[in-house]
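Here are my notes on the model, point by point. Have it open beside you as you read.

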Amino acid sequence: MTGKIKFSIVVPVFNKEKYLCELIESVLAQTYTNWEMILVDDGSTDSSGAICDSYVQDARVRVLHTKNNGMAMSRFLGLKEMAGDYVLVFDADDIISSNCLERLLKHLEESSVDAVIFSHDCFGEKSETVHFPLENGGVFSTNDLLFATIRFTNHGLWNKAIRCDVMRKAMHHMTLQRVSVNADYLQLIPIICEVKNAIVINEVLYHYRVYTESISHKVTFQHIVDTDYVTSEVYRQIDDHKLMSKPIESAIMISYMRMVFHRIFLLMREHSFSRNMAKQTYTLPFRKKATRLKFIIILPIREVFFAVLFKLHLWWLDSMIVRLFSRSILHS
């Protein structure tokens with residue numbers, strides 16, 4: 001099946017030889033055929049670069065080989081090459097449904113929107129279906145999308161088809177800093193700020209692989225430091241676009257505290273959160289802003305206790321916290 005709308009698919013690749021073919025083959029198997037795929041080999045040290053090159057016999061596939069710049073820059077370099085009408089950014093270790101582009105085409109032909117947001121499921125070491133937290137079939141504004149994205153920590157880039165012209169505008173505001181976590185959040189917010197309207201569909205078109213060696217599932221103290229940096233950039237981007245409101249500001253603070261608390265508790269559970277780390281946590285630039293009383297009192301009740309400790313530097317109670325409360329946080 002072919003049509004007028006062309007999809008650009010950007011895939012940053014770094015050492016994904018074990019899973020890369022599955023993603024590429026799932027794109028080649030699409031029932032809708034008017035697409036291009038840009039594979040960005042980010043200085044891989046395994047056979048990922050060669051795997052990418054092996055698919056260039058298909059004229060729709062292009063490969064860029066770069067030095068190792070990190071996820072944000074790899075995506076950016078791929079996006080600079082897009083020549084379609086709508087763009088999708090996929091992770092190299094996931095797969096998409098064979099009718100993914102065909103279903104997106106249907107909704108784009110029915111609605112003149114800047115973006116389509118769709119559902120995904122998880123497979124591998126975790127199995128669940130995740131829908132974007134807005135009404136199925138609804139068309140939503142920038143403010144609606146920002147609030148839902150931030151409040152419910154739905155930060156993935158891979159479940160969204162974005163109009164290429166909108167993406168090009170957003171690229172002028174993207175931060176390309178290399179971070180250990182929340183790279184999607186860092187790049188997604190300037191995109192959402194440029195999206196005037198989007199339709200949300202509860203169709204599972206993307207399949208997200210969960211596995212132990214995934215970078216995003218290894219928690220380190222640097223993740224906490226980078227969460228602070230990314231959140232400060234998110235706040236700045238929204239403020240610069242003059243889209244800040246009290247609900248969005250509150251959502252940013254709640255999301256920040258939940259992400260930081262979650263990572264602290266994971267480190268505590270592994271007895272890896274030292275007193276020195278606690279001292280460094282107190283000095284994080286965004287912490288003071290996020291722990292203002294007006295934000296603490298709107299947290300879910302079970303998290304208020306942690307926020308107060310976070311504000312008052314009482315992490316010497318860490319063993320008690322983990323024993324009594326961490327289970328409810330980790331499974332919330």
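**Notes on the helix packing, cores and loops**

1. Start with α8 and α9: helix α8 (residues 221-240) packs on α9 at an angle of about 175°, with the two axes 9 Å apart. Axes here are lines fitted to C-alpha atoms, for helices over the stretch in contact, and angles run from 0 to 180 degrees between N-to-C directions. The two helices are therefore roughly antiparallel to each other; the label takes angles over 145 degrees, while under 35 is roughly parallel, 65 to 115 roughly perpendicular and the rest oblique. On the α8 side the contact includes Phe221, Ile224, Val234, Tyr235 and Ile238, and on the α9 side it includes Ile248, Ile252, Met253, Tyr256 and Leu267. Contact means heavy atoms within 4.5 Å.

2. Some housekeeping. This is a predicted model, in which local features need pLDDT of at least 70 and side-chain atom pairs count only at pLDDT 80 or more, whereas totals for chains, interfaces and linings use all residues. Residues are numbered from 1 along each chain as its sequence is written, and side-chain values use heavy atoms, with hydrogens and water left out.

3. The overall picture: the chain has 14 helices and 10 strands, taken as DSSP runs (helices H or I, at least four residues; strands E, at least two) and numbered from the N terminus. Of its 332 residues, 55% count as buried, meaning under 20% relative accessible area, with exposed over 50% and partly exposed in between (1.4 Å probe, protein chains only). Among contacts between residues at least 6 apart in sequence, 82% join residues at least 24 apart.

4. Helix α9 has another partner. Helix α5 (residues 142-151) packs with α9 at about 20°, the axes being 8 Å apart. That makes α5 roughly parallel to α9. The crossing is left-handed, that is, the near helix is turned anticlockwise from the far one by less than a right angle (clockwise would be right-handed). From α5, Asn143, Leu146, Phe147, Ile150 and Arg151 take part; they meet a set in α9 that includes Pro247, Ala251, Ser255 and Arg258.

5. Which residues touch the most other members of the largest nonpolar core? They are Leu79, Met167 and Ile238, in a core of 62 residues. Helix α9 (residues 246-269) gives the largest share of this core, 13 residues. Apart from it lies another core of 40 residues, with Phe7, Leu20, Val27 and Trp35 among them. A nonpolar core is a set of buried Ala, Val, Leu, Ile, Met, Phe, Trp, Tyr and Cys residues joined through side-chain atoms within 4.5 Å.

6. Look around Met167 next. Beyond four places in sequence, Met167 touches Leu79, Met82, Val87, Ile162, Met174 and Ile191.

7. Leaving out residues up to four places away, Glu233 touches Thr175 and Leu186.

8. Most residues other than glycine have a negative phi. Phi of Asn15 is near 50°, and that of Asn182 is about 65°. Asn15 sits in the loop between β1 (7-13) and α1 (20-28) and is partly exposed at 28%. Asn182 is in the loop between α6 (164-171) and α7 (183-194) and counts as buried at 12%.

9. Finally, what does the side chain of Asn15 reach? It reaches the backbone nitrogen of Thr45 at 2.7 Å. Asn15 and Ser44 are 29 residues apart in sequence, with C-alpha atoms 5.0 Å apart. Phe14, in the loop between β1 and α1, is in contact with Asp42, Gly43, Ser44 and Asn68, neighbours within four places aside.

Key. A polar contact is a pair of N or O atoms within 3.5 Å; within protein, one must be able to donate a hydrogen and the other to accept it, and residues adjacent in sequence count only if both atoms are side-chain atoms.
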